[in-house]
Amino acid sequence: MKSLRDLYKIGNGPSSSHTMGPKKACELFLNRYPNCDNYTVTLYGSLALTGKGHLTDYIIRKTLKNVKIIFNLNDKMKHPNTLEIEGFLNDKFVANMTVYSIGGGAILVDGDKEVLVPDIYEEKSFMDVAKYCLDKKIDIPTYIDIHEDNNFNEYLDKVIDTMNKCLQDGLTKTEVIPGRLGLKRKAKELFESKINDSILLEQDSKRLMAYAYAISEENASGGVVVTTPTCGASGVLPAVMFYLADIYKTPKDIMRSGLKIAGLIGNLVKQNASISGAEAGCQAEVGTASSMAAAYAAYIFGGDIKKIERAAEIALEHHLGLTCDPVDGYVQIPCIERNAVAALSALDAAKLALYLDSKDAKISFDLVVSTMLETGQSLPREFRETSQGGLAKHYNNGDKNAC
Ligand code: SF4
């Protein structure tokens, strides 16, 4: 597994695989072939189908000067998020590079021997990590500290600060989210409405949902977010973190430890299944985010390694089969609302895990992860970030008015 830095990336939304990944691919091309003066970038699969709504063309134009962008909707490539970059000098071909945007802003260069980000963890599954920790009598945050570099805590502070700024910004803005849908922001309204609620439970869940909305609305508007594990799912974990921080007054070092645990969960899914909606549907993005948040909450509630596993397992298990069908290709509907619902279910999964007897657990986290991959690969292509199925299709075909 790679460093958790590679999971928790800080950057502009709305989509890690459609903006961060392609940006990184273009920067790498510029680095390798600095002598080109014009470029052609061809987008395939999900990048071609939802690239406009996800701002892929915008970010490519910002990174490469004199670029022609082709949306190839016909040819199928090895990976559903593929882009091909060709560089020219005085209109003579110099080089080309085929790149896969594999989720969470990470990329793979076709045929490349160079490992862009090396593995720093030998353990490959939750069971491996649990065995390591139990043998050495350490907890998961200590396991992470052993493997990450000395500045990792500083990096996590930056992650927390970025999440917090995004949350505060999202709670104050009221303007319409950019894009054809004309979607109004709701986070501020939702947050303020809790004041009038006499039922404590309602106040609590409105606060949690408002936090998820705030970050997801910032993401949809191109704001700076942290991939947890992706931009589209970036509202879930911070919503749970700051909601619990309000209640338990969580100190920063405990928030860091919780982020290490949540990061391990995200990293295991990334390595053993997928965190890409184009590859495995929304279960891979929001399902993973909910699993990470559940593990975080279980830790804050005082759960041991078994409870943490159980919480992560429950949250992911009950997102199995969740499709990706963003309306008009924007990371707005169903994405924003879905982040709020996933934050609620993460908290419930953690509470349930704390209550259930770990000895009775029949389903491991590792088993759910491999099930998720198989389920994702079985989903028809329309339900994997193509905006050609599900809500996206029916919204464009039918009655758009809710009652
Ligand atoms: S539906 Fe889920 S996976 Fe698809 S773009 Fe929205 S958040 Fe991402």
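Which domains does the domain assignment of the chain give? In this predicted model, the assignment gives domain 1 (4-109) and domain 2 (126-397). Select each range and colour the two separately.

**Stop 1: the two domains.** Where they meet, 27 residues of domain 1 are in contact with 41 residues of domain 2.

**Stop 2: the domain 1 side.** Hide domain 2 and look at the side of domain 1 that touches it. Select strand E1 (10-12), helix H1 (16-32), helix H2 (45-50) and strand E5 (92-103), the elements that each give two or more residues to this side. Of these, H2 gives the largest share, 4 residues. Now colour this side of domain 1 by residue class: 15 residues are polar, 9 are nonpolar and 3 are charged.

**Stop 3: a helix pair.** Next, select helix H5 (residues 140-147) and helix H10 (residues 252-272). How are these two helices placed? Their axes lie 8 Å apart, and the helices pack at an angle of about 80°. Angles of 65 to 115 degrees count as roughly perpendicular, so H5 is roughly perpendicular to H10.

Show side chains for the residues that make the contact. On H5 these are Ile 140, Pro 141 and Ile 144, and on H10 they are Ser 257, Lys 260, Ile 261 and Leu 264. By class, this contact of H5 with H10 holds 5 nonpolar residues, 1 polar and 1 charged.

Conventions: Residues numbered from 1 in each chain as written. Predicted model: local features only at pLDDT ≥ 70, side-chain atom pairs only at ≥ 80, totals over all residues. Domains from an automatic or database assignment. Contact = placed C-beta atoms within 7 Å. Nonpolar A, V, L, I, M, F, W, Y, C, P; charged D, E, K, R; others polar. Axes fitted to C-alpha atoms, helices over the stretch in contact; angles between N-to-C directions. Parallel < 35°, antiparallel > 145°, perpendicular 65-115°, else oblique.
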